[in-house]
Amino acid sequence: MSTVRLTTAQALVRFLAAQYTERDGERHRLIAATWGIFGHGNVAGIGQALVEDRTLMPFHQGRNEQATVHAAVGYARQSNRLSAHAVTTSIGPGATNLVTGAALATIDHLPVLLLPGDTFATRPADPVLQQLQLPYAGDVSVNDCLRPVSVYFDRVGRPEALVPAALEAVRVLADPAATGAVTLALPQDVQAEAYDWPEEFFAERTWRVRRPRPDAAELDAAVRAVRAAERPLVVAGGGVRYSGAEDALRALAERTGLPVATTQAGKGVLPYDHPCDVGGVGHTGTETAGALARTADLVIGVGTRYTDFTTASGTLFPEGARFLNLNVTGFDAHKQAALPLVADAREALTALTAALDGHRSRDPEEWAAAKRDWQERVDAAYAAPDEDARPTQAQVLGALDTLVDARDILINAAGSLPGDLHKLWRPRSADQYHVEYGYSCMGYEIPAAIGVLLAAPGRPVWALVGDGTYLMNPTEIVTAVQERLPLRLVVLQNHGYASIGGLSEAVGAERYGTDYRYRDADGGFTGPPLPVDLGANAASLGMRVLRPRTIRDLREALAEARMATVPACVYVETETPDTVSGPPPAPAWWDVPVAETATRKAAVEAREEYDRHVTARRRHL
C-alpha cells in the first residue's frame, strides 16, 4: 500500500478537499471552504496545513468564532445542505465560543464541521495555557461543552484515529436525517504529528444524499387519512426547501386543493400569491392560516418540527385533530402522535399526489376572501401616507417590499422582526425568506449574510437587524469589507429590545431593563435614550452608511444600497407603532409562564390572562 507522510492537520485538509456530495445527478464540494481564527492550538497545525494546501482549501478569516459558525450555517442553508464549511479555532475561549453556533446548526439541522484545537494529548505540561483542569477527570477539556450540541463528536487522540473519525464526520454531514454540527476536537500536538497515511484516504469520495422513499404501508395509511379528512391543512416546514420539494408541494396543493400554511423555515415554498398559500402559521402567522388551523381535522406536516410557535404552545389545533407527518427523520415524523410517513419530502409528496389521483380535498375559494382581507391589512401596515414622517418598522419592510424582486434574499433571526416578517412579507422566490427561528439567535444575521453571499454570488443579500441584535455581533462587517462582499445591512434603531420589551409588558415585568436608558440610583431606567450612534460604528468598521430621516429618504437609501458594490448600511431610526398603524397583532398564543404570585398590579393581571389561555392547551394523542 502506497503511503504519503503528512501531519495530521495536513492529512485532514487534504481529505476534506476530496469529499463531494451528489443528489439528483448534481455534484457539490462537501466542504467548500474553512473559516478560522488562529491561536495556540490551531495556528501551527490546521493553520500551517491551510497554507500548505491553500489552493485546495479556500480560507475565510473571521473576527468572532461564534460568527464564523453563523456564516458557515448561512452558506449551508443557501446551499440546501449539499455543501458546507468548516470552522477552526484555538483551544480555549475560541473553542467555547463555538457552542452557540453549534447549537443553532444542530437545532436547525444544518451541516457545519467544527475543528477546535484541544489540549496536548501527550500532556508534556499540565496544565497548559487555557486548559481546563477538573480534579475528577483528566481527560475532559472545554471542547466537551460541544458534545450536547453536536450530532457527532470525536476527539482525535492519535494520528491514525483520524481515518475513522473523518469518514464518520463527513458521513453524518451528508446525511439529511442526521446532519447538524459535527465536531472533531484536535489536540494541538496531534495536529502537528507526522504519520504515513494510505494514499486511498485522499481519493475523491462522493457521498450520495439519499432520498428515502415512503414505506408502502405508511403511504397507504396516509392516503386513507387524507381521503377521509373534511378539513385538511398542510403545514410546510424547512424540510420542503432542503429537499428541493417546492414543485412537488405545489403539485399536491393544486391537484387536491389543500391549503398550505408555512412555518418560519418553510415560508416561501409556495409564492405568496398562490391560491393554496395561506401564509405563516402559529403565533407569528396570519389570521387566514390561524382560522384554518383551528378547524382542521387533519394536519399534514411536511418537513416541520412543530415548535411551540407553530402550534401556539399546543393551543392552535382543535381537540380531536389528527396528524400526518411527512419527514425524513422518524423522530419528527412521529410528533403529535401522528401517522408517520418517513421519507424524503419530495419523494413522499410525489407518491402521495400520485396515490390521491382524482381526489379533491378542498376548494381555494374557501379562504380566498380571507386572503384578500389579510393582504389589505398588510397593505395598511406598509402604507406611508406621510412621506416626510419617520418610518415604522413595518413601513421599512413595506419600502423594501416595493424594491426587491425574486433575486433578493432577506436574512433575520431575532427580535420583533421575525414576527413582522412572518406575518407581512411577500416572498417572491423559494429562497428569498431566510429567517433563522429554530434558535432565534441574536447576532446571526450579519455573518449569515456573508455565508449566503458566498453561496449565491451576484444576488442582493439583505441583513435586517435591530439595534439590540447589531450590538450583539457587528464584527463580521470587517470580514465583508475584507472579502469585498456587497452586504446590504438595514439597522433599525429603536433604542432597546422592542420584542422582549413587549413580552415583558405582557407578562407583568413592566418593560424593566429592556430599553437603552441611563440607570437611576434606585435601579430604574429613565431619561432619554443613550447617545449611541450605530451608524458611526458601522462606518468605522468600513461600511458605507446611509442615514434616511423620512420615508421618502428611506426609499432612496434602500435603492442606493441595493445598487452598491461595496458593503452598505441603511441606518434608520424608527417610529413606534403606538402612534401609527402597525402590523396586525399575534393571531395565536405563546406560552411564557407568568409569576404565580406577585404584589404589583401588572403581574397579577398578566397571571389572570395567562391562566385563561393555558386552559386551551391540548395534547394530541
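1. Start with Arg155. In this predicted model, Arg155 is partly exposed, with a relative accessible area of 23%. Arg155 forms a salt bridge with Asp144, and the closest N and O atoms are 2.8 Å apart. Asp144 lies in the loop between strand S7 (112-118) and strand S8 (152-155), and Arg155 lies in strand S8, so the pair ties together parts that are 11 residues apart in sequence. Asp144 is buried, at 18% relative accessible area. That value falls under the 20% cut-off for buried.

2. Next, Arg552 and Asp388. They form a salt bridge, with the closest N and O atoms 3.2 Å apart. Arg552 lies in helix H23 (residues 551-563), while Asp388 sits in the loop between helix H15 (365-382) and helix H16 (393-401), so the pair ties together parts 164 residues apart in sequence. Arg552 is partly exposed, with a relative accessible area of 38%. Asp388 is exposed, at 51%.

3. What joins Asp24, Arg211, Arg213, Asp344, Arg346 and Glu347 into one network? Salt bridges that share partners do. Across the whole structure, the search finds 41 salt bridges.

4. Now the second largest pocket. It holds about 300 Å³ of space. Its lining has 16 residues. Gly314, Gln336, Arg618, Arg619 and His620 lie nearest the centre of this pocket. By type, the lining divides into 5 nonpolar, 6 polar and 5 charged residues.

5. Val43 is found in helix H2 (residues 43-52). Val43 is partly exposed, with a relative accessible area of 44%. A patch residue needs over 30%, so Val43 clears that cut-off.

6. Last, helix H1 (residues 8-16). How many of its 9 residues are buried? The count is 8, so by the under-20% cut-off this helix is mostly covered. The buried residues of H1 are Thr8, Ala9, Gln10, Ala11, Leu12, Val13, Phe15 and Leu16.

Key. Residues numbered from 1 in each chain as written. Predicted model: local features only at pLDDT ≥ 70, side-chain atom pairs only at ≥ 80, totals over all residues. Heavy atoms only, no water. Helix = DSSP H or I, 4+ residues; strand = E, 2+ residues; numbered from the N terminus. Buried < 20%, exposed > 50% of the residue type's maximum accessible area, 1.4 Å probe, protein only. 1 Å grid on protein atoms, 1.4 Å probe; cavity = no way out; pocket = protein on both sides within 12 Å on 5 of 7 lines; lining within 4 Å. Points joined across faces, edges and corners; volume = space filled by probe spheres on them. Nonpolar A, V, L, I, M, F, W, Y, C, P; charged D, E, K, R; others polar. Salt bridge = Lys/Arg side-chain N within 4 Å of Asp/Glu carboxyl O.
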